[in-house]
Amino acid sequence: MMAKNRAMTFSFLKSAYPWLIVCCGMLFYCYNYFLRVSPSVMQNELSQAFHMKAVQFGTLAAFYYYAYTPMQVPAGMIYDKFGVRFVLCLASLMAVAGLAVFISADSYFVAGCGRFMIGLGCAFAYIGTLKLASIWLPPNRFATVAGLTTAIGMTSGALAQTYLTHVVEAIGYQHALRGALVAGVILSLIVLFLVRNRPKSENAIA
């Protein structure tokens, strides 16, 4: 009986492990959405901190997309060349570094550079999740992962706005974002230790 239970447990873990790896990509995509929408609930605080008008605030928020949008083209090729584990971890660290720059920024230009770095790192989130799904899950689960990732990401963006609205009012945007900075470091470590480029059976064949 104990041997049977161990076999069932091993079988469950073996089937759940690919989903666990894909969930690492989903978590990064959620983090991406959080960072993407965060300026929208900090407009007053950011405008006062950097003495911005509405047009300048829009430009600051858009620095994210100046990096995010063009990187959608080469991101897939970069994953194919260097492997999903290395690239996803590096992208997560880039987003965290950009957030650190943004939090500590004492000028409009430095804050813009931070947003640019965030966009550069987050550009790899969605494609990385799909890459993991294509490697670790059966082909008939790919569309499920794509839809689920989008839904979870948008939900996290909505929840982030609610969270930040209250926290920013209570302790200011810099302190509010420090929690996200710690979460980003933890996420990078999770990616580093859990994500693998491909199943062991494929490694043996290769």
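This is a predicted model: local features need pLDDT of at least 70, side-chain atom pairs count only at pLDDT 80 or more; totals for chains, interfaces and linings use all residues.
User: Patches join residues with over 30% relative accessible area and no salt bridge, like charges within 9 Å and nonpolar side chains (Val, Leu, Ile, Met, Phe, Trp, Tyr) within 5 Å. Which residues make the nonpolar surface patch?

Analyst: Val-185, Leu-189, Leu-192 and Phe-193, about 360 Å² together. Areas are Shrake-Rupley with a 1.4 Å probe, only the protein chains shown counting as cover; a salt bridge is a Lys or Arg side-chain nitrogen within 4 Å of an Asp or Glu carboxyl oxygen.

User: Where is Val-185?

Analyst: In helix α9, residues 173–194 (helices are DSSP runs of H or I, at least four residues, numbered from the N terminus). Val-185 is partly exposed at 39% relative accessible area, between buried (under 20%) and exposed (over 50%).

User: Switching to His-51. What is its phi?

Analyst: Near 55°, positive in a non-glycine residue. His-51 sits in the loop between α2 (43–50) and α3 (54–68), and counts as exposed because its relative accessibility is 67%.

User: And α8, how far does it reach?

Analyst: 41 Å from first C-alpha to last over residues 142–171, close to the expected 44 Å (1.5 Å times one less than the number of residues).

User: Which of its residues are buried?

Analyst: Among them Val-145, Thr-149, Gly-153, Ser-156, Ala-160, Leu-164 and Val-168. Residues three or four places apart point the same way, because an α-helix has 3.6 residues a turn.

User: What follows α8?

Analyst: Gly-172, with a positive phi near 90°.

Technical notes: Residues are numbered from 1 along each chain as its sequence is written. Side-chain values use heavy atoms; hydrogens and water are left out. Helices (H or I, at least four residues) and strands (E, at least two) are DSSP runs, numbered from the N terminus. Buried means under 20% relative accessible area, exposed over 50%, partly exposed in between (1.4 Å probe, protein chains only).
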